[in-house]
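Look at the structure first, then read on.

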Amino acid sequence: HSFPTRRSADLRTGLEADNDQAGAHMTLGLLENALGNTQAAIKEYRTAIRLDPAVAGPRSNLARELDQLGRADEAKRLQTEEAELIRRDTRLLPENAFLHYRLGLLEYLLGHEAEAEQSLKEAARLDPESTDFLLALTLLYEKQQRWPEALRGARRLTDMQPDNPTFQQILRNFQHASP
């Protein structure tokens, strides 16, 4: 695994000493996940949520673990709760592009494509230099077969990073797919 055993034991001991913090349990969950200990990771994410139910983050990680275990209904419920928390955060920090991006990705996972588009457009508007934000929006347009918007996004991505082979390939694919 990516963590040497001795270092991971030291990290775990240090984090357990700070066990009243939701963030420490979130980090322990990530560590357990990296070590391949799915059940232990799930336990840590649940503890983080219990200690600080208002924090956004642990639910997404827990949902991912549960989804991999075939517990899609529980994962969807957690993603819905997470989306509510991030919606709250975007109201509190409306200029934070990354929050709009995270909300857009969650809305997409939940099947709310119109809401996902609005959030991703807002992220791209707030940070027009982010290729991540523009790429997510462009791929949403591709999924919806909205070729003029998808092509516009792909052209902008290749303008931003002319040497990026992924962006070049996306542009070629869209040019072939569009009517």
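## Helix pairs and two residues

In helix 8, the residues Thr131, Leu134, Leu135, Thr138, Tyr141 and Glu142 meet a set in helix 9: Trp147, Glu149, Ala150, Gly153, Ala154, Arg156, Leu157 and Met160. Sorted by class, this contact of helix 8 with helix 9 has eight nonpolar, three polar and three charged residues. The model is a predicted one.

Two packed helices are described by the angle between their axes and the distance between the axes. The table gives both values for two pairs.

| Helix pair | Angle between axes | Distance between axes |
|---|---|---|
| Helix 8 (residues 131-143) and helix 9 (residues 147-160) | about 155 degrees | 8 Å |
| Helix 2 (residues 22-34) and helix 3 (residues 38-51) | about 165 degrees | 8 Å |

Take helix 2 and helix 3. They pack at about 165 degrees. Angles over 145 degrees count as roughly antiparallel, so helix 2 is roughly antiparallel to helix 3. Helix 2 passes helix 3 in a crossing that is left-handed.

Which residues of helix 2 meet helix 3? They are Ala22, His25, Met26, Leu28, Gly29, Leu30, Glu32 and Asn33. On the side of helix 3, the partners are Ala40, Ala41, Glu44, Tyr45, Thr47, Ala48 and Leu51. The contact of helix 2 with helix 3 divides into nine nonpolar, four polar and two charged residues.

Back to helix 8 and helix 9. Their packing angle is about 155 degrees. Helix 8 and helix 9 are therefore roughly antiparallel to each other. Their crossing is left-handed.

Now look at the loop between helix 8 and helix 9. Gln145 has its place there. Is Gln145 buried or exposed? Gln145 has a relative accessible area of 56%. Exposed means over 50%, so Gln145 is exposed.

Arg102 sits elsewhere. Its place is in helix 6 (residues 97-109). The relative accessibility of Arg102 is 24%.

What does Arg102 contact, leaving aside its neighbours within four places in sequence? Arg102 is in contact with Ala56, Gly57, Glu82 and Ile86. Arg87 and Arg102 are 15 residues apart along the chain. Their C-alpha atoms are separated by 9.7 Å.

Notes
Residues numbered from 1 in each chain as written. Predicted model: local features only at pLDDT ≥ 70, side-chain atom pairs only at ≥ 80, totals over all residues. Heavy atoms only, no water. Axes fitted to C-alpha atoms, helices over the stretch in contact; angles between N-to-C directions. Helix = DSSP H or I, 4+ residues; strand = E, 2+ residues; numbered from the N terminus. Parallel < 35°, antiparallel > 145°, perpendicular 65-115°, else oblique. Left-handed = near helix turned anticlockwise from the far one by under 90°. Contact = heavy atoms within 4.5 Å. Nonpolar A, V, L, I, M, F, W, Y, C, P; charged D, E, K, R; others polar. Buried < 20%, exposed > 50% of the residue type's maximum accessible area, 1.4 Å probe, protein only.
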